[in-house]
Structure formats: C-alpha cells, structure tokens
Amino acid sequence: MTSIGDCAFYSCENLREISIPPTLKSLGESVFENCEKLTSIIIPDTVISIEERAFYCSNITSIYIPKSVISIGNSAFGNCPNLSEITVSNDNKYYTTKDGVLFNKLMSKLICYPAGKDGSSYTVPESVTSLEPYAFQGVSLNSIILPKNLITIREGALGYNNGLSTITIPESVTNIEPKAFANSNNLEEILVDENNKKYSTKDGVLFNKNLTTLIYYPSSKPDAEYSVPSGVTTIKDYAFFGIPNLQRINIPASVTSIGKYTFFYNFNFFLKEIIINKSEGSINGAPWGTRAKVTWQE
C-alpha cells in the first residue's frame, strides 16, 4: 500500500487507533477528518505528502512530521482542539517547528498554530512574511502580534478562531486575501498601522488606503445597522461573511460593484435588509449570497 485515499476514514467516530504501513507515501485529503476518538498516530518516514484537512477536527494531541514529508496541504491539522504541539524531524528539508508551531524550513511562512496549544497571546516570529491559509484555525488566543516584515495574510489565516477581538495590521502588509479574517468569532475591530500604503480602517472596518474599497467587516462587530461610507465604489467578495449581529446595511449611490459572495453565510435569518441608494438593478448580482430583502431607492 502506497496511499490512503481521500476521505477513507472520514467521520469514523469509533476509530481510536490505526497502524500505517511503512510503505505508505501519501495521506489523502480529509482522510481522518472528524475522527473524534483518534488521539494519536505515527506517520512513517516513507510518507511524502499529507493532503488538505487530513486530520481536520480529529482529537490528536501531538503530531510528528518525518524527514520524508515534502508537502502539507491547507488545514491538514486544522481545528484539532487537543493538538498542543507539532514536531518535525531535524532532517526534514521543507518544514520546521518553533515552540510547537509549524513553519516552512526558512520560517518565512507560518503554516499551523496548534488549536490546543496553551497560552492566550502569541507573537509571530519576525522572520515570517506570510500567514498561510487557516494558520490559526480553531485557536482561542486573545492576542496575536504580527511581525513588522509580514507581507501576506492568506485566506482564512486569521479566521475561524474564538479569541481575537482586535487585530493590528502592520505597515509592511501589501496582500490580504479574501476571507482572511472570516468567522473570527470575537473579532470586533481591525486596526491598520497609519504608515501602511495599501490598507486603512474606519470604525474598525478594513478598507483600501483611500477608502474606496470595503474589504472586510469584523465578524463580531456589535452594531445591528451599518452604513457603508459615501465614496466607497467597491465592496469585495466575502466582505460581510458570517456576520451574526447585522440586521440592516445601507449602501450609498457611490457603490458600483458588489462581490458575488459579499453577504454569504450571514446566518440567513439575521441580516434582514440591504438598502441600496440607486435605481433597481444598477449593480449586478443581487442578493450577493444572502436571503435578505434588497431595497432599491434613488
């Protein structure tokens, strides 16, 4: 046997242990996802790839990456509530760990912060220039301090967690991917270093520098109603993704473009109305991923 296929043991609720043969080269996508009783596993040093979500939501408490592994997919160890540390063979040429956190070998990319790691605050090492997809998925940290050399925050990198109420984007950041902060369940405000040349904030909401593009509205901002500032022309994809408190959004006449999934996964029953101060149909794509009533008014 050289591989275990995608979803081979998906949601096997009673799987407690498994012996992986020493001939194995690949662990497929979601292979042990949602295996709630699986607490430990030994990955043989023949394995080359660990695919996306391979151990997602399992109950492993630690994981050892052998020297043979050259590829680890997104969320491979994401949302594992009891995973306290990840260790890597010193002979691995592609990955390393520091304090139980998984990085690429050069420590320029933070790949996975274990969801069960103790502590309420974490300072990302200064060597890191990229937070990889879903890097902090499932964590309960109250504070994450980003380094001054950070350039990229990838999809979900600071999302899908339960502790952060505020995050500060440093001056160096030039690329924030869609859904970077999605479902960060306590996030009420995003701040940006005033010297950042690409991004800014207003009332805790993330915009481009000149406030013409609304990028992300924090998941747990408490207001029931929000008025997009006049002068905004674009509302990006997933900008209001997973916002449980908002009931009404007012959109000014200046807006000419709204992303396809701007209001997606707004718990459907909470967002009641989107009011657009323009003629009906003048912006394509309504209702942009929500069941809310869309009211057009000139």
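1. Tyrosine 238 sits in a loop of this predicted model. The loop runs between β21 (234-235) and β22 (248-251). The backbone deserves a look here. Tyrosine 238 is not a glycine, yet its phi is positive, at about 65°. Is tyrosine 238 buried or exposed? Its relative accessibility is 17%. Buried means under 20%, so tyrosine 238 counts as buried.

2. Asparagine 79 is another loop residue to check. Its loop lies between β5 (71-72) and β6 (85-88). Phi of asparagine 79 is near 60°. That is a positive value in a residue other than glycine. The relative accessibility of asparagine 79 is 25%, so this residue counts as partly exposed.

3. Now the secondary structure. How many helices and strands are there? The protein has zero helices and 25 strands.

4. Six strands form an open sheet, in the order β7-β8-β9-β11-β13-β15. The pairing in this sheet is mixed. Which strands stand at the edges? They are β7 (95-98) and β15 (175-176). Each has a single partner strand, so one side of each has no neighbour in the sheet.

5. Look inside that sheet at β8 and β9. Strand β8 covers residues 101-104, and strand β9 covers residues 109-112. The two strands pair in the antiparallel sense, over two bridges. Find leucine 102 in the structure. Its bridge partner in β9 is cysteine 112.

6. Next, the overall dimensions. The C-alpha atoms fill a box of roughly 70 × 40 × 30 Å along the principal axes. The radius of gyration is 21 Å. A compact globule of 298 residues would have a value near 19 Å, so the protein agrees with that expectation.

7. What share of the residues is buried? Of the 298 residues in the protein, 51% are buried. The accessible surface comes to about 13,500 Å². Carbon and sulfur atoms account for 46% of that surface.

8. Contacts can also be sorted by distance along the sequence. Take those between residues at least 6 apart in sequence. Of these contacts, 30% join residues at least 24 apart.

9. Last, the charges. The protein has 25 positive and 29 negative charges.

Notes:
Residues are numbered from 1 along each chain as its sequence is written. This is a predicted model: local features need pLDDT of at least 70, side-chain atom pairs count only at pLDDT 80 or more; totals for chains, interfaces and linings use all residues. Side-chain values use heavy atoms; hydrogens and water are left out. Helices (H or I, at least four residues) and strands (E, at least two) are DSSP runs, numbered from the N terminus. Buried means under 20% relative accessible area, exposed over 50%, partly exposed in between (1.4 Å probe, protein chains only). The radius of gyration is taken over C-alpha atoms; the globule rule is 2.2 Å times the number of residues to the power 0.38. Contact means heavy atoms within 4.5 Å. Accessible areas come from the Shrake-Rupley method with a 1.4 Å probe; for residues, only the protein chains shown count as cover. Lys and Arg count as positive and Asp and Glu as negative; His and the chain ends are not counted. The place of a charge is taken as NZ of Lys, CZ of Arg, CG of Asp or CD of Glu. Two strands pair if DSSP finds at least two bridges between them.
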